[in-house]
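Subject: A structure for you to explore

Hello,

Here is the structure I promised to pass on to you.

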Amino acid sequence: MPIRLDLSPKALLKKFLNNQLRVYSVFYLCGIGAFIYLTCPFVHHRTYLSENALSPGLVSSDISMSEQTRQLNILLRQTFKNNKENIQDILCKLLRDNGIEAYKQRFSYNLSENSSLNVYGIVRAPRTASTEAILLVAQLYVHTQDKKQLKPNILGLSQTLTMVFALRRKPYMSKDIIVLFSSEQELGAKAWLKSYYHAYDEDSLIKADSLPAHAGSIQAGLSLEFPSDKFYSIDLRFNGLNGQLANLDLINTLIQLCDKQSIPVTFNYVYVDLSTNEDAINYLLKSAKTLLLNLLTLSTGVSDGLHGQFLHYRVEMVTLFGSLNKQHTYQHSPITIRAIENVLEGYIRSINNLLERFHQSFFFYYLINRRNFVSISAYIIPLGIICAPLLLRALVLYMTKFFQNDDRIIKTLGRKMKFPISYEFMLKEFLTCSVTSFVFYTIFNYFYSNQLLSIFLLIFTAIFCLNPVYYRLKAIKTVSSDIDEYNFDFYQFLLLIYGAALLACLSLLNHSLAFLCSLYLLPLYALAGISKFTREFFFVKYVTRFCFVVIFNPILILFIYYLLTVTLINGWSIKNVAQFLTDMRQFFTYYRHFFHIWTYDVVCLGLLPLWLALYRSTYWKWRPISSVEKQEQQQQQPPQVLFPNKEQQQTIEDEGLHLDEIEENVNK
């Protein structure tokens with residue numbers, strides 16, 4: 001006999017309600033698979049230039065100053081070796097001897113008692129009145145590729161100087177050129193930007209002098225980091241602060257210029273060969289690696305280069321880093337100085353030809369390789385699939401707890417509910433979780449001793465774990481008569497709405513952070529929901545609480561976040577626990593204020609209260625609804641009509657009008 005399937009809406013709804021956990025698990029796994037599927041050639045698109053004005057720089061090159069660059073290399077190497085304290089004076093003298101305005105800026109910051117100097121110069125455009133500018137930045141010291149030490153950025157400084165010396169005499173320049181030689185890495189750039197844009201703050205941790213001269217509005221820029229004179233590829237860095245990205249047209253222009261000079265371009269030191277020599281499996285693996293590394297970098301909120309400080313002020317900028325990795329077996333000689341000069345000249349001429357700011361291409365994207373990207377219309381779908389169980393479960397709880405036309409139910413705001421809600425108890429829950437999270441948020445601002453900090457962390461972690469136990473033994477007895485199964489479901493409904501709203505807001509600000517938070521939150525909701533159906537299986541309850549405390553503990557997540565961030569900035573440099581706590585305290589108290597990184601705030605003030613509320617809910621001693629009460633409610637509940645006819649629809653509308661009249665009379 002053929003199998004008969006009941007596909008009516010009522011039967012499908014019943015099957016869905018009976019298999020909710022399986023359905024939500026499928027959504028969760030499909031969302032992860034959909035994100036990895038973004039590396040498939042059927043999903044991503046090929047990059048292109050949206051702004052035709054960027055093309056002139058790709059045509060020809062007429063600057064050849066390789067010999068002068070080599071002479072500057074020798075001069076700067078001797079200066080760093082013998083007289084590095086006066087390197088700022090040497091740079092100012094070189095600029096002024098070639099007819100370029102040169103200035104110094106002194107700044108200081110709270111992490112150091114000594115002050116530092118920035119050097120910057122301005123090449124005035126001969127055809128305009130200093131209304132727009134292009135920025136070239138070269139740090140005095142940069143991290144090596146393994147991030148274990150700082151080395152002088154000799155080649156970056158000499159290439160920047162050579163380029164402005166040559167472009168000073170070009171009549172086609174319509175924008176000013178600003179060259180900035182920053183000290184103290186990102187702190188020097190931050191101090192210069194605060195003074196350039198007059199973003200003074202009395203409570204700021206960075207104190208900087210005002211700038212004696214300004215140029216026009218900065219349209220775009222480029223940062224050069226070459227710790228070695230010989231390198232074999234360019235690592236292009238474009239991830240900014242808090243998930244910000246440079247305009248895709250800017251990146252595409254640089255990639256086309258590098259391809260023209262046969263310079264291999266990598267992202268996070270991953271090179272994808274787009275020729276026929278690369279097989280499909282290696283292509284997919286390398287593309288997936290690039291995608292995941294970009295996801296992790298953006299989720300930390302920390303930039304992978306100096307350009308992140310400028311993106312914060314909406315200056316489109318990327319960083320070129322000289323990598324020592326050889327990307328081809330036949331590549332034996334390093335990249336020549338002439339090739340780098342041609343890339344810089346083409347880039348400046350392309351930006352010089354722009355009539356307006358970057359606006360046509362993408363600001364929200366993931367780069368799979370140097371010629372393919374995924375737009376926001378594609379990568380937002382996996383996040384939506386993962387977040388769908390939150391809304392579906394909230395909808396199920398909402399629809400099963402509300403109905404119309406019952407005489408014994410409580411009327412609230414035009415809706416009628418099956419049960420009285422203990423608003424006071426739930427408000428106390430939310431306030432307790434929020435206050436506890438805020439106390440933890442302020443820990444690193446007041447404990448400057450490693451011993452006190454470690455002791456307080458241990459005490460606070462113990463309070464986190466033992467607080468629900470005390471809550472169950474003492475506090476729940478006073479309200480156990482009001483807390484039943486329906487109140488537990490309504491409380492979970494509120495937490496589901498809170499989590500969905502949090503992820504929706506994060507997805508608009510930092511998609512990478514929102515995606516990782518969704519992967520973290522969905523198992524928490526599942527564990528809290530499972531605890532409801534395992535009242536008699538104490539082993540399962542203990543396992544869920546163990547997972548809450550050990551695996552999904554937000555304090556542990558915060559430590560992992562710090563380790564990931566430090567590894568991206570300075571490499572793996574943990575030597576002992578005392579130094580680890582010192583560095584962690586400095587990071588959370590100073591660096592997030594310096595660079596406005598709010599990932600720590602999201603974890604402490606967003607995820608931590610939600611985790612604590614869900615964890616405490618596993619200890620709820622709520623009263624289950626008896627079978628007699630359920631039978632009484634079913635007898636009181638009128639039959640629900642899924643597809644009413646015209647007469648039934650008219651009756652429903654009349655009753656609704658009647659309820660509206662009662663509400664108006666009550667309000668009067």
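Predicted model: local features only at pLDDT ≥ 70, side-chain atom pairs only at ≥ 80, totals over all residues.

Let's start with helix 3, which covers residues 66–82. Its 17 residues reach 25 Å from the first C-alpha to the last, close to the expected 24 Å. Which of its residues are buried? They are Ser 66, Thr 69, Leu 72, Asn 73, Leu 76, Thr 79 and Phe 80. These residues cover an arc of only 135° around the axis, so they sit on the same side of helix 3. Lys 81 and Asn 82, on the other side, are exposed. The buried residues of helix 3 pack against several elements, including helix 4 (87–97), helix 5 (154–167) and helix 10 (337–352).

Now turn to helix 12, residues 423–441. This helix has 19 residues and spans 27 Å between its first and last C-alpha, close to the 27 Å expected. Among its buried residues are Phe 425, Met 426, Cys 433 and Phe 440. Seen down the axis, the buried residues of helix 12 fall within an arc of 155°, which means they line one face of the helix. The face turned away from that buried side carries Glu 424, Leu 427, Leu 431 and Val 435, which are exposed.

Finally, the surface: Phe 364, Ile 376, Ile 380 and Ile 381 make a nonpolar patch of about 340 Å². You will find Phe 364 in the loop between helix 10 and strand 13 (365–369). Phe 364 counts as partly exposed because its relative accessibility is 46%, and that class lies between the cut-offs of 20% and 50%.

Enjoy exploring!

Methods. Residues numbered from 1 in each chain as written. Heavy atoms only, no water. Helix = DSSP H or I, 4+ residues; strand = E, 2+ residues; numbered from the N terminus. Expected span 1.5 Å × (residues − 1). Buried < 20%, exposed > 50% of the residue type's maximum accessible area, 1.4 Å probe, protein only. Arc of directions from axis to C-beta. Contact = heavy atoms within 4.5 Å. Patch = residues over 30% accessible without salt bridge, like charges linked within 9 Å, V, L, I, M, F, W, Y side chains within 5 Å. Areas by Shrake-Rupley, 256 points an atom, 1.4 Å probe, with all protein chains shown as cover. Salt bridge = Lys/Arg side-chain N within 4 Å of Asp/Glu carboxyl O.
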